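Here are a few friendly notes to read alongside the structure.

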Amino acid sequence: MVTAALNDADLRRRAWDVAAAVVDPEIPVLTIADLGVLRDVAVNDGRVEVAITPTYSGCPAMNMIALEIELALEREGFSNSSVRIVLSPAWTTDWMSDDGRRKLREYGIAPPLPSSSGRALFGVQQVACPQCGSENTEVLSEFGSTACKALWRCKSCREPFDYFKCH
């Protein structure tokens, strides 16, 4: 059990750190903090409530993420915690951290283009290959291994890769 000597601000900071370390079950190199899915952690009278926003409203990973948050908090002594799904404002790839974008690239997934690029959910013009860095790429399918990714191929190194679609 978390000691009563800690005030709510200290508990919030500890609970945030625990929740922030939970990984995305679909892309295990990213934490929910990297993705920007972790929106808030509140502590009231020692009870923790974590707010998360799905990458899209039908994301099948959200139930697993919520369960993993509750289990991680329980392991760290936070009993009676809860997870709240927040749909508004809707998640955007702009909430992803720079570190998360780097991790995606290193994992072999092209990160979403920044909002200043004039990007759109469909019809992205140039995506750099995460293997060789070439922008000589083409889309093979608007739908990849998960609904939030599209399947692309590099014309230079000939390798297929996922592109994390912008929202």
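1. A word on terms before we start: helices here are DSSP runs (H or I) of at least four residues, numbered from the N terminus. By that count, Met 64 sits in helix H3, which covers residues 62-75.

2. Please keep in mind that this is a predicted model. The average pLDDT of the protein chain is 89, and 90% of the residues score at least 70. Residues 117-121 have a pLDDT below 50, and this stretch makes twelve contacts in the model beyond its near neighbours in sequence.

3. Back to Met 64: together with Leu 67 and Leu 71, Met 64 makes a nonpolar surface patch of about 240 Å². Met 64 itself is partly exposed, at a relative accessible area of 38%.

4. Now to helix H4, residues 98-107. Which residues of H4 are buried? They include Gly 100, Arg 101 and Leu 104. Viewed down the axis of H4, the buried residues lie within an arc of 100 degrees, so they line one face of the helix. An α-helix has 3.6 residues a turn, so residues three or four places apart point the same way.

5. What covers that buried face? Among the elements over the buried residues of H4 are helix H2 (32-35), strand E4 (109-110) and strand E7 (160-164). Asp 98 and Glu 106, on the other side of H4, are exposed.

Notes
Residues are numbered from 1 along each chain as its sequence is written. This is a predicted model: local features need pLDDT of at least 70, side-chain atom pairs count only at pLDDT 80 or more; totals for chains, interfaces and linings use all residues. Side-chain values use heavy atoms; hydrogens and water are left out. Patches are made of residues with over 30% relative accessible area and no salt bridge: like charges are joined within 9 Å, nonpolar side chains (Val, Leu, Ile, Met, Phe, Trp, Tyr) within 5 Å. Accessible areas come from the Shrake-Rupley method with a 1.4 Å probe; for residues, only the protein chains shown count as cover. A salt bridge is a side-chain nitrogen of Lys or Arg within 4 Å of a carboxyl oxygen of Asp or Glu. Helices (H or I, at least four residues) and strands (E, at least two) are DSSP runs, numbered from the N terminus. Buried means under 20% relative accessible area, exposed over 50%, partly exposed in between (1.4 Å probe, protein chains only). The arc is that of the directions from the helix axis to the C-beta atoms. Contact means heavy atoms within 4.5 Å. pLDDT is the predictor's confidence in each residue, from 0 to 100.
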